[in-house]
Amino acid sequence: MKKGKGIDIGTMNIVSATQGETTSFKRIRDAFLDVPIQAKKMLKLHDSVSYIEDDDHLLIIGDQALELASVFGRTPRRPLQDGLINPHEIGSIDVLGYMLKQVLGSPQVENEACYYSIPANPIDEPHRNVVYHKGVFGKIIEQLGYTAYPSNEAEAIVFSNCAKEGFTGLAFSFGSGMTNVALVVNTICCLEFSVARGGDWIDKGVATSTGINQARATQIKESGIDLNNPTNRIEEAISFYYRELIQYSLDWVTKRFIGSQSQFNLDKEISIVVSGGTSMATGFVEFFQQVFDKKRRRFPIEVSEIRHATDPLNAVAQGMLIQALQEYDQ
């Protein structure tokens, strides 16, 4: 196995990438559920349930937390919220450490390079920044024995999907908590920002507009609806919110590019690559294309094509891995 690891730290999933004969990925759901300590005896009968002890409670980790929360009608706790560490779950940093250890494992060599994803500062909520978020995860990764390198998550998508274009592209990472955007030209990031809207923003809006709870909105959104052919009022609401999210993100690209284009020259068409869990809805790329076509004439960048990342759920982790491998490519 080659030295160097990458990890995507997302609001919904944490995914690591390592390179052997092929690239391998390991994922854990970014959620946990507290249950009474008395449940420990029964959980021993279920080998696949991961948990840690916390005083008089057990904290069930990952997908099993979601499954049990559904059974008991509870809402799982999430260490990350809106793309950053949840300020209401500061006590869950130990849980985050456990999760990262589960997906990263031990370093192969002392101080092995590990690139980890961070969002850009949200441009529409300037009072928020990534300083604390970046620092906490850097500390956790280094406590696991690695040398930690933070890197922008949207930039990583260009590294994992735009090799044929000389690592030039405009990437949109549609996550649960945020949408991250990066314009990369010949491996150099020229523009990066995030907007504080993503899959959770869609779910909250749909729930408020249609009178259902947010968990139900998430379930319907993730059930495989076709954005171009909604079949009922709730699916139509999901489609409306997706359209607004895409328009909002494109409008911010225009504003940021116009404000900074004097800093660089972009004299060729580039590809737009979309990725992230929120982009997994059926028909998303076609839907994005339709929204973009209405804005193309005033869009400040000439676009050659719009395509999905080859592996949308793992694209960020793979891009982090590519950067980590370069630390050993002499």
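I worked from a predicted model, where local features need pLDDT of at least 70, side-chain atom pairs count only at pLDDT 80 or more, and totals for chains, interfaces and linings use all residues. Residues are numbered from 1 along each chain as its sequence is written, and side-chain values use heavy atoms, with hydrogens and water left out.

**Overall fold.** I looked up the secondary structure and found ten helices and 15 strands in the chain. Helices (H or I, at least four residues) and strands (E, at least two) are DSSP runs, numbered from the N terminus. The radius of gyration is 20 Å, close to the 20 Å of the globule rule for 330 residues, so the chain is as compact as a globular protein of that length. That radius is taken over C-alpha atoms, and the rule is 2.2 Å times the number of residues to the power 0.38. Along its principal axes the C-alpha trace spans about 65 × 55 × 40 Å.

Buried means under 20% relative accessible area, exposed over 50%, and partly exposed in between (1.4 Å probe, protein chains only). The chain exposes about 15500 Å², of which carbon and sulfur atoms supply 47%. These areas come from the Shrake-Rupley method with a 1.4 Å probe; for residues, only the protein chains shown count as cover. Of the contacts (heavy atoms within 4.5 Å) with a separation of 6 or more, 68% join residues 24 or more positions apart.

**Salt bridges.** I counted eleven. The rule asks for a side-chain nitrogen of Lys or Arg within 4 Å of a carboxyl oxygen of Asp or Glu.

- D63 pairs with R29, with the closest N and O atoms 3.3 Å apart. D63 lies in helix α2 (residues 63–72) and R29 in strand β3 (residues 23–29), so the bridge ties together parts 34 residues apart in sequence. D63 is partly exposed at 26%, while R29 is buried at 18%. R27, R29 and D63 are linked in a network of salt bridges.
- D200 pairs with R78 at 3.4 Å between the closest N and O atoms. D200 lies in helix α6 (residues 199–210) and R78 in the loop between α2 and β7 (80–81), so this pair ties together parts 122 residues apart in sequence. D200 is buried at 8%; R78 is partly exposed at 24%.
- E125 and R128 meet at 3.3 Å, N to O. E125 is partly exposed at 26%, and R128 is buried at 17%.

**Cysteines.** I searched for disulfides (cysteine sulfur atoms within 2.5 Å) and found zero. C162 is in none; the nearest cysteine sulfur, that of C189, is 12 Å away. C162 is buried, at 0% relative accessibility. C190 is partly exposed at 22%.

**N161.** I placed N161 in helix α5 (residues 153–161). N161 is buried, with a relative accessible area of 11%. Its side chain makes a polar contact with the side chain of S160 at 2.9 Å. The N161 side chain also reaches the backbone nitrogen of T310 at 2.8 Å. A polar contact is a pair of N or O atoms within 3.5 Å; within protein, one must be able to donate a hydrogen and the other to accept it, and residues adjacent in sequence count only if both atoms are side-chain atoms. Leaving out residues up to four places away in sequence, N161 touches V273, R307, A309, T310 and A315.
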